[in-house]
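Subject: Structure for your review

Dear colleague,

Please find below the structure that I am handing over to you. My notes on what was found in it follow.

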Amino acid sequence: MFLHCHSWFSLGWGTLSPERLVALAAAQGASWLALTDIHNTSAWLPFHQAARAAGLHPVSGIDFRAGHQVLYIGLAQSNRGWSRLCQLLTRHTRDGEALPRRAPELEDVFFVYPWRAPHTPSLDSLRPDEWLGVPPEDVARLAAAPAAFQTRCVAWHSVSFADAGEAMLHQALRAIALRTLVGRLPAEACARPHHHLMPVEHLVQRYARFPTVLANTEKLAAACHTDPQAGIPKNRRSFTGDPQADARLLEKLCREGLAERYGPDNTAALARLEKELNIIHQMGFCTYFLINWDIVNYARHRGFSHVGRGSGGNSLAAYCLRITDIEPLALHLFFERFINPHRSSPPDFDLDFSWKERDAVTDYILKRYGPDHTALLAAYNTYQPRQCLRELGRAFGLPSAEIVRLQERPCPADWPDNAPEKRILALARRLQDMPHHLGIHAGGIVIAEAPLWHHTALEMPPKGFPITQFDMYVAEDLGFYKYDILSQRGLGHIRDAVALIRREGHAPPDFSRMQSYFEDPLLNDMLARGDTVGCFYIESPAMRQLLRKLRCRDYPTLVAASSIIRPGVARSGMMQEYVRRHLKLPPRLPAHPVMQHLMPETYGIMVYQEDVLRVAHAFAGLGLAEADILRRGMSGKFRSRTEFERVRRAFWEGACRQGHAESDIAEVWRQIESFSGYSFSKAHSASFAVESYQSLYLKAYHPLPFILAVLNNFGGFYDTWYYLLEARRLGAVVEAPDINRGSWLSTLHAPHQIVLGFIHVKGLEAGLAERLETERQKNGPYRSLADFLDRTACPPEAAELLIRVGAFRHLEPCRPRLLWEAALAATQRPTRGQALLIQAAGPPENYLPGLAEDPRELFADQWQLLGFPLCSPFSFAVSSCPRCVAAAELSAAAGHQVCITGWLVCTKDTRTVKGEAMAFGTWVDAAGDTFDTVHFPPALARHPFRGQGLYHLWGLVQEEFGVCSLEVHRMERLPLAVSLPYMPESPGKGAF
């Protein structure tokens, strides 16, 4: 009887998940249920799965609206009808077409109009596929209608929330969606209070006088049969138009690539390739490989760099096709981790491109394979705890300060029972994890054989690429292959650094053959020292410490380090054990013989995702299909599913049958379980390590182009000021933005000067920066402030920003004098539309009193406008500690209590196994040297971080594997002898 139901995918309207909606409807005695979300098809598959599990007949539909007005609902009689509904909605949500007021005649679709709505067709104009929906509150009016009228009516009871008590949550959602107060919501913008589930027998009773209406309703529901997992093939079936031709083309390309990669006579590589090609062909993945090859081939012809990573790096065929640059034979990569005959899930490649080039690749894919057949995957952006409180606080009219207080202290004991805050907290708990809007997956694309509207409606978000309305998990359950087209800043800075090297007249590096770079002693010395700031993936404080502890001097060790730094290995407690075994120190935990035999190169420790597969297969005797389910569960994809729980039990039972002791099984399972959501495949780690070596080479041999490229690509681990500190360490002279030498981005000037770009000046518009640069290139350098103002028509506010940041220092070093001149020029400037008839004479030469530059004001201005000063904050410290040591002296003080002064670089918050807050800190001292600290719960509770700034720290110098850190017992932030306009409350922006 529920013909018009909404789930929470009626975004900003419904309150029920599809699963909860089905469960509640079944409890009310329903035998069937129609889900008609508002302009949304996200729940099609989960709704069907839940309905069938509950024994209900699912009816699929869409609620079409114009503003708040329901135009009609469409109910699909078949999968064909569903595709027609999705196509109609796509024209609206993707193409921007207005919905027709009268439903079009669509094959296998019923349309139901709300009775008595102004746009509803008259009885005599209804088509056979059109019906009138009569809500329960209007049933009495049917008595006055002619009998023929009832033959075209169905029962229309709308459901948007569970019960009357959930109506307030619905109203809160509406207020959030409409950006208004709950008390100001117009009635037509909300569901009615009775639009909730109720016993079916009550509904039948309401329509009892009109059995024809009830019969029509049952007839419509019974005529609707859709199945999301049946019907037409999901994925593109052929690259060339013929699957057999695909297989031949793939083999040809792979054999050509094999000869290029290995030469003509490598029998081991040939045997591996033939084995892979047989499995790829057997499992029907030839087209998938060729499409990935096509994407990479297009990028290569455009001059775009890419990195192929993920489990796809285990494939020799992918290496021969140059989809990846990971040599699988040398690294002993396990092809079955990527594809095996027992693996039910599709394979995956992760293709990384520069963040500046990824959109061009995406655009190519959409055009090459058709905009109706290709789309990015959606992601369900859900309400998070603080967001719930913020949005609900606004909806109920709380002042901003009260909302912040509520977020910081959500449960004060002194609130009265009727306090609005208590209502907000109660609603927030129910709102949390509901979908807020459809976002865009990080890079997942689907390419379908038939138009995607057979499965989903498409939307066009502001980014300009169409998205599906289902996410990656639904796509996988439906059987779609996902093409991951991702972006990263690391490739951007490598590309830009190589371009700068070319511009300087040097030969660029050839990164197509990496072996010589892996063997370069200079690069390996940098790794061992942890001299990796700016280098992709290996620049974080934790990674730099790990490299130093491992004495990492080769590519295989870096590959392992790239994975063991992940929380999975660290959580299992095996990171330290790995370092001990790598350094040939006595192990604290002897390796189990089976583990040592399976993973000799990692000393019997699980480091990679495929290690889980190996251990499950050999240690517990699981088949490869079950082992792969376990491996996927460890990557977080099936963590909450019964399938994963079944395999967990199978692991224990299998390990017992293999004769292992229960204590050994428990320890191995503990290590497996710690991988949850965090482990890398070995190919993934190997791909990252290749890119890390490329960054290392550029830093070692072309340091200034490298660090400039890092600055201009942003997005590194650290803030800009720390990279400027590294630039100085590499020999650069860093200067503020300059009106005659600067550009929007930072630039390199001979012999070793870096001039910061105007992009760093807060409040300065990109258009103005572009205009002043264009004018300078056209008519020469600016000769004075007056010349600059005359030629650029720079607004007074922007001129003040440029003066304060020091951009005119080479024309006039005294900023106060320039500020006076700019203020005077602003008063003499003609108003808009008015011309100067007579050129005013310039001011007298000495018209201003003597003005002097104050270093403290420059420090404060740079802090405010750049986010960091360009001089050392240590020179502005009010107090100093004569007994403080330097960072370079910590190793000599191991085991002793010391005091040190440092500027906070960044922090990492974490929790102990008991759930207590602790933290790690990274700092620089007055010499610019970096040191690290650890803050255990008692010390952190007594001496918390108090934002960015200069600190005295007291503590014990600890040494582990030759790497020192300070265990902080006391910490005190120091005042500075300068008035700062803004001081961040959390580490992020800094100094130098």
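Which residues line the largest cavity? Its lining consists of Leu-35, Asp-37, Asn-40, Thr-41, Ala-43, Trp-44, Phe-47, Ser-60, Gly-61 and Trp-82. Please note that this is a predicted model, in which local features need pLDDT of at least 70 and side-chain atom pairs count only at pLDDT 80 or more, whereas totals for chains, interfaces and linings use all residues. Residues are numbered from 1 along each chain as its sequence is written, and side-chain values use heavy atoms, with hydrogens and water left out.

**Cavities**

The search of the whole structure returned 4 cavities of 30 Å³ or more. A cavity is a set of points on a 1 Å grid over the protein atoms alone where a 1.4 Å probe fits but cannot get out, and lining residues have an atom within 4 Å of a point. The largest cavity holds about 60 Å³ of space, a volume being the space filled by probe spheres set on the points, which are joined across faces, edges and corners. Strand S2 (32-38), helix H2 (44-53) and strand S3 (57-66) each give two or more residues to its lining. Helices (H or I, at least four residues) and strands (E, at least two) are DSSP runs, numbered from the N terminus.

**Helix packing**

Helix H13 (residues 385-395) packs against helix H14 (residues 400-408) at an angle of about 150 degrees, and their axes are 9 Å apart. Axes are lines fitted to C-alpha atoms, for helices over the stretch in contact, with angles from 0 to 180 degrees between N-to-C directions. H13 and H14 are therefore roughly antiparallel (over 145 degrees; under 35 counts as roughly parallel, 65 to 115 as roughly perpendicular and the rest as oblique). In H13, Arg-386, Leu-389, Arg-390, Gly-393 and Arg-394 meet Ile-403, Leu-406, Gln-407 and Glu-408 of H14, contact meaning heavy atoms within 4.5 Å.

For helix H20 (residues 541-550) and helix H23 (residues 574-582), the packing angle is about 30 degrees and the axes are 9 Å apart. H20 is therefore roughly parallel to H23. Here Leu-546, Lys-549 and Leu-550 of H20 meet Met-575, Tyr-578, Val-579 and His-582 of H23.

**Backbone features**

The peptide bond from Ala-750 to Pro-751 is cis, with omega near -5 degrees. Pro-751 lies in the loop between strand S17 (747-749) and strand S18 (753-755). Asp-108, although not a glycine, has a positive phi of about 60 degrees; Asp-108 sits in the loop between helix H3 (79-93) and strand S5 (109-114).

Yours sincerely

Note on methods
1 Å grid on protein atoms, 1.4 Å probe; cavity = no way out; pocket = protein on both sides within 12 Å on 5 of 7 lines; lining within 4 Å.
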